[in-house]
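Thanks for asking me to take a look at this one. My notes are below, in numbered points, with the terms spelled out as they come up.

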Amino acid sequence: MVLTLAESWPVLVGKRFLSLSAADRGDGGHDGWDVGRVAEWPWLSGTIRAVSHTDVTKKDLKVCVEFDGESWRKRRWIEVYGLLRRAFLVEHNLVLAERKCPEISERIVQWPAIVYKSLLDKAGLGSITSIRFLGDQQRVFLSKDLLKPIQDVNRLRLSLMDNHDVSKEFQALIVKHLDESHLLQGDKNLVGSEVKIYSLDPSTQWFSATVINGNPASKTLQVNCEEVKMMTIACNMTGEDSSTENCRSITDSC
């Protein structure tokens, strides 16, 4: 089994998302969104598990998602640029944003946060985006102008040492980024590593495999997975069918 690791799919696969649909409004889906109450909009959140193809700009793009609070068995394909879709945001990268210090509320500090990037905005968000401060589960909506890039990762890591939960999450994000980079390149150093592959088969969510070869030239990984044989999942890397999407859905290294 060979996995083609196209450069564009990690922008979506494995990422958290926010979705806004007119169908979820209580007023029948009429236009007219009050940006001043953006946090009260009927946002749905979850995780993207697979994509219909690798070009995120195509208007027929569909994503297979697991919604928060629902069983993975209820996962479904949705149209990112569908007629009733008003906004679709995907977590993008780490930034710094001002907030009250969790330990000393009178103190204002620059805190690392995950910012969301808008793929679709028909609700009039403009410069407004969503962020989630590390260590918090609640989302915050604010202007992109208030966000700052992280200039010195090592210095920030040291400044977070006193906050165990935030430091742990920050380190996990760095490791995840490095793992994704190795996967994208078909790095031969991954040979012997165990990986988890997301399955679109209705009987299972994840299966395990071992990397047995890497090809940086073609950016592919060859993996050995007994479970795939049992589920008879075919990987035809020349087509765009659902079995190919199974191969694109590798998101985590163990």
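**Notes on the model**

1. Starting with a strand pair: Asn213 has Gln222 in strand 13 as its bridge partner. Strand 12 (residues 206–215) and strand 13 (residues 220–224) run antiparallel and are joined by five bridges; two strands pair if DSSP finds at least two bridges between them. The two form a hairpin with four residues between them, and Lys219 in the turn has a positive phi of about 55°.

2. A word on where this comes from. This is a predicted model, in which local features need pLDDT of at least 70 and side-chain atom pairs count only at pLDDT 80 or more, while totals for chains, interfaces and linings use all residues. Residues are numbered from 1 along each chain as its sequence is written, and side-chain values use heavy atoms, with hydrogens and water left out.

3. The overall picture: the chain comes to four helices and 14 strands. Helices (H or I, at least four residues) and strands (E, at least two) are DSSP runs, numbered from the N terminus. Of the 254 residues, 46% count as buried, where buried means under 20% relative accessible area, exposed over 50%, and partly exposed in between (1.4 Å probe, protein chains only). Among contacts (heavy atoms within 4.5 Å) between residues at least 6 apart in sequence, 58% join residues at least 24 apart.

4. Helix 2 covers residues 164–184, 21 residues in total, and reaches 30 Å from its first C-alpha to its last, close to the 30 Å expected at 1.5 Å a residue. That expected span is 1.5 Å times one less than the number of residues. Its buried residues are Val166, Ser167, Phe170, Ile174, Glu180, Leu183 and Leu184. Just after helix 2 comes Gly186, with a positive phi of about 60°.

5. Which loop holds Asp136? Asp136 sits between strand 8 (128–133) and strand 9 (140–143). With 26% relative accessibility, Asp136 is partly exposed. Its side chain makes a polar contact of 3.1 Å with that of Arg99; such a contact is a pair of N or O atoms within 3.5 Å, where within protein one must be able to donate a hydrogen and the other to accept it, and residues adjacent in sequence count only if both atoms are side-chain atoms. Asp136 and Asp165 are 29 residues apart along the chain, with their C-alpha atoms separated by 9.6 Å.

6. On cysteines: the count of disulfides is zero, taking a disulfide as a pair of cysteine sulfur atoms within 2.5 Å. Cys64 is buried at 3% relative accessible area, and Cys101 is buried at 8%.
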